[in-house]
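Reader: I am new to this structure and would like to learn how to read its features one at a time. Could you show me the model and then take me through it?

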Amino acid sequence: MTSWQKLTGLVVLILVLMVGAAGGAWQVQDWRMGKKLAEQAGLHKDDLAAISNAASAQARAEQDKRLALEHKLSVQDQQHTKELSDAQRNQARLRDQLATADVRLSVLLAEDPAGGCNVPAAPGAAGVVHAARRAQLDPAHAQRIIAITDAGDQGLIALRACQAYVRAVVH
């Protein structure tokens with residue numbers, strides 16, 4: 001072999017060793033990076049699991065709060081419905097009593113037409129008024145007054161129901 005061939009062989013051998021060393025370095029770097037990427041993937045997986053668990057716990061808590069609110073509103077609705085039906089039943093009974101003349105509505109007269117003297121504006125104790133004259137209302141007028149008070153009672157019950165709903169939803 002000539003020196004030129006030896007030199008060429010030596011250069012080729014050096015190049016092969018350099019390429020092999022570089023490839024080996026790349027292989028080692030690949031193993032190291034693969035290990036780091038696997039660790040990061042594991043940490044990312046753990047983070048995602050923790051986030052998912054927290055989100056599902058929050059969703060369960062919100063759902064429990066919603067169910068509790070729905071139950072509370074249902075109980076309130078039943079209470080207000082009962083209150084409304086009781087008021088309507090009482091009004092119907094009063095209307096029936098007025099229609100059959102079992103009960104008569106009367107009003108205090110502010111002026112005594114017979115004597116020409118004024119009756120005091122303040123009522124007496126427990127509804128007992130001495131020397132005060134009363135006038136009985138016509139049954140038709142009494143029925144209209146009962147209808148007005150019935151509508152007022154229903155309005156007040158509905159207002160209380162709305163206020164209770166708002167308080168329940170806001171808190």
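Author: Over residues 77-104 the chain is 82% helix and 0% strand, and the end C-alpha atoms of that stretch lie 35 Å apart; helices (H or I, at least four residues) and strands (E, at least two) are DSSP runs, numbered from the N terminus. UniProt, in an unreviewed entry, places the feature "coiled-coil region" at residues 77-104, and such positions are given in the numbering used here, with feature names shortened and annotations that may be inferred rather than shown by experiment.

Reader: What kind of model is this, and how are its residues numbered?

Author: This is a predicted model, in which local features need pLDDT of at least 70 and side-chain atom pairs count only at pLDDT 80 or more, while totals for chains, interfaces and linings use all residues. Residues are numbered from 1 along each chain as its sequence is written, and side-chain values use heavy atoms, with hydrogens and water left out.

Reader: Which pattern does the protein chain follow along the sequence?

Author: The protein chain has two helices and two strands, and read along the sequence they follow the pattern α-β-β-α.

Reader: How far apart are the end C-alpha atoms of helix α1, and what span should its residues give?

Author: The expected span of a helix is 1.5 Å times one less than its number of residues. The 97 residues of helix α1 (residues 3-99) should therefore span 144 Å, and its end C-alpha atoms are 139 Å apart, which agrees. For α2, the 32 residues should span 46 Å, and the end C-alpha atoms are 46 Å apart, which agrees as well. Just after α1, Ala 101 takes a positive phi of about 65°.

Reader: At what angle do α1 and α2 pack?

Author: Axes are lines fitted to C-alpha atoms, for helices over the stretch in contact, and angles run from 0 to 180 degrees between N-to-C directions. Here α1 and α2 pack at an angle of about 175°, with their axes 10 Å apart. That makes α1 roughly antiparallel to α2, a term for angles over 145 degrees, whereas those under 35 count as roughly parallel, 65 to 115 as roughly perpendicular and the rest as oblique.

Reader: Which residues of α1 are buried, and what do they pack against?

Author: Buried means under 20% relative accessible area, exposed over 50%, and partly exposed in between (1.4 Å probe, protein chains only). In α1 the buried residues are Leu 73, Gln 76, His 80, Ala 87, Gln 91 and Leu 98, and they pack against α2 (139-170). On the other helix, Ala 142, Ile 146, Asp 150, Ile 157, Ala 164 and Ala 168 are buried, and what covers them includes α1. In the protein chain of 171 residues, buried residues make up 8%.

How values were computed
Contact = heavy atoms within 4.5 Å.
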